[in-house]
Amino acid sequence: VQLVESGGGLVQAGGSLRLSCAASGSILRINTMGWYRQAPGNQRELVAAITSTSSTNYADSVKGRFTISRDNAKKTVYLQMNSLKPEDTAVYYCNAEIATGILRRPDDYWGQGTQVTVSS
């Protein structure tokens, strides 16, 4: 199983970016998918998560600015980031809980990370 992220980059404060993360491999079922971020010197933190039934959860710092969504047919999760602030600068990681077999417990998988830099 692989998670491949795309869409990071450099943007000015107030701008927007859209991150994508596609899962591939021997996948039976994808449960919760989410985005985490880690800034230098900080711990990795949850940004947003979405369940298989599209219930969502957001960090307080991004509520009203970021929107998480998923396309189950494409095995892809998205993060639309609007009104970006310099403090949103971080490496953003995709996470997914994936079952690869009927008798196997779901495992946690991570993407390689994509850099988001917001200039002031």
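In this predicted model, a salt bridge joins the side chains of Arg37 and Glu45, with 2.7 Å between N and O. Side chains of opposite charge can pair when their charged atoms come close. The Arg37 to Glu45 pair counts as a salt bridge because its N to O distance of 2.7 Å is within the 4 Å limit.

The two partners differ in their surroundings. Arg37 has a relative accessible area of 6%, so Arg37 is buried, the limit being under 20%. Glu45 is partly exposed, at 36% relative accessibility.

Two further pairs are listed here with the first.

| Salt bridge | N to O distance |
|---|---|
| Arg37 and Glu45 | 2.7 Å |
| Lys63 and Asp60 | 3.1 Å |
| Arg104 and Asp107 | 3.2 Å |

In the pair of Lys63 and Asp60, Asp60 is exposed, with a relative accessibility of 66%. This value is over 50%, and therefore Asp60 falls in the exposed class.

The closest N and O atoms of Arg104 and Asp107 lie 3.2 Å apart.

Some salt bridges share partners, and in this way Arg37, Glu45, Arg65 and Asp88 are joined into one network. The buried Arg37 and the partly exposed Glu45 thus both belong to that network.

How many salt bridges does the model contain by this rule? The count is 5.

Conventions: Residues numbered from 1 in each chain as written. Predicted model: local features only at pLDDT ≥ 70, side-chain atom pairs only at ≥ 80, totals over all residues. Heavy atoms only, no water. Buried < 20%, exposed > 50% of the residue type's maximum accessible area, 1.4 Å probe, protein only.
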